[in-house]
Amino acid sequence: MDFALDDVAAEVVSMARRLGREVLAPAAAAYDRSGEFPRPELQRVFESGLLDPEIPESFGGAGLPRWLDALVTEELAWGCAGITLAKTANNLGLTPILVAGTPEQKERLLPAFTRTLQFAAFCLTEAGSGSDAASLATRAHQVAGGYRLNGVKRFITNGGVANLYSVFATINPALGPKGVVAFAVPATTPGVTAGKVEHKLGIRASNTTEVVFDDAFVPDDLRLGAEGDGFKVALRTLDLSRANIAAHAVGIGRRATDEAVAYAQERRQFGQPIIEHEMVAAMLADSAMEVEAAHLLTVQAAWRADAGWDFSAHASMAKAFASDSAMRAAERAVQVFGGYGYMTEYPVEKLFRDAKIYQIFEGTNQIQRMVIARWLGKERRQ
Ligand SMILES: Cc1cc2nc3c(=O)[nH]c(=O)nc-3n(C[C@H](O)[C@H](O)[C@H](O)COP(=O)(O)OP(=O)(O)OC[C@H]3O[C@@H](n4cnc5c(N)ncnc54)[C@H](O)[C@@H]3O)c2cc1C
């Protein structure tokens, strides 16, 4: 086993670290206040080749392995998880094409994302179907040459800014998961509009909207995979994305710990820096320990996916553990800052607000525990 990075990987990580610290972190508070979409900062990430680094080299991308992309995401999320989410949502929106697209569909849809700054989004959730995603109600009616889509997707990251949507719809709700079909839908398609913009507790630099499909025509050649395979494509995509979501949480947890340590070294009470008080030091040690464990679970899950090993339960472990530990690390950081931690002038209250979503989206942590528990009942190798 070798934890050392080779020169190329080390350079990629240090580029991401510079972007996280010098571009994203200084801009984070302003976007958190305004809720605007951080296009200039994402342009910088794009120019560094790190916006969609998992697109294979054959389609003009960097073709980074998932474990290295996870390290990139950790560094960017250290700077601002909300800004970084546009990157992870791109990955989520493009993965159905990588998982189920034909060579022609990949050639047609992916290279545009490597040439100019573009965004993708993944449209699964609806008002009535969240954790129980297979109960979705968006309809795909077969017509000559393709399908007409009707329905409303809710809580879509990159909604409104995306150029391309991956959309999951049913040809017949009575078929349950077996009725689901996946499509790649250009945002310019007549009948596709962004609906209500959501105002959020945290990750406020990320755009979240409804996406409305009103008799939108999608030709047969933009269907991803066979009719009825759509739900499997959605689950596979979420499995593959989960380590990257965990990497966000590692970035938040690490930033919270770094901020808390720096503050505890400076702030003096009872005649000494508060880090000298054992109860404060123990909080910092707990955060450091959990964030490090979360990081190891995350790169392991991503590495297993790269290696073609069984990785779904490990990705769930990484996502649930990393987000629970980020939440705890952010909560401890607010505590270490005392009253100042509660004020918007200091960075830790934002980390506390940002951390919460990672326990909820891409499958709540209750759902992750269900996945892990089911895996425990199976024959396990490696
Ligand atoms: C900011 C944000 C961005 C998002 N981005 C996207 C996106 O880009 N694309 C997309 O498709 N979706 C997106 N989502 C949706 C997100 O994935 C869902 O909100 C999430 O999966 C939970 O679904 P729900 O909100 O309907 O909650 P529900 O499914 O209604 O769950 C409510 C509660 O019940 C619990 N629960 C439900 N079923 C069970 C069970 N069987 N056992 C135990 N507990 C259970 C849940 O854990 C949760 O605590 C986003 C959500 C948010 C908030």
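Analyst: The answers below set values against definitions.
This is a predicted model, in which local features need pLDDT of at least 70, side-chain atom pairs count only at pLDDT 80 or more, and totals for chains, interfaces and linings use all residues. Residues are numbered from 1 along each chain as its sequence is written, and side-chain values use heavy atoms, with hydrogens and water left out.

User: Why is methionine 283 called partly exposed?
Analyst: Buried means under 20% relative accessible area and exposed means over 50%, with partly exposed in between (1.4 Å probe, protein chains only). Methionine 283 has 21% relative accessibility, so it counts as partly exposed.

User: Where is methionine 283 found, and what is it in contact with?
Analyst: Methionine 283 belongs to helix H8, residues 278-307; helices (H or I, at least four residues) and strands (E, at least two) are DSSP runs, numbered from the N terminus. Contact means heavy atoms within 4.5 Å. Leaving aside neighbours within four places in sequence, methionine 283 is in contact with Arg332, Gln335 and Val336.

User: What makes a nonpolar core, and which residues of the largest one touch the most other members?
Analyst: A nonpolar core is a set of buried Ala, Val, Leu, Ile, Met, Phe, Trp, Tyr and Cys residues joined through side-chain atoms within 4.5 Å. The largest nonpolar core has 44 residues, of which Leu149, Phe168 and Phe183 touch the most other members. Elements that each supply at least two residues of this core include helix H4 (81-100), strand E5 (180-186) and helix H7 (230-266). E5 gives the largest share, six residues. Apart from this core lies another, of 42 residues, among them Ala246 and Phe311.

User: Which residues are closest to the ligand, and what polar contacts does the ligand have?
Analyst: The ligand is surrounded by 19 residues, the closest being Phe122, Thr125, Ser131, Phe155 and Thr364; a residue is near a molecule if one of its heavy atoms lies within 4 Å of it.
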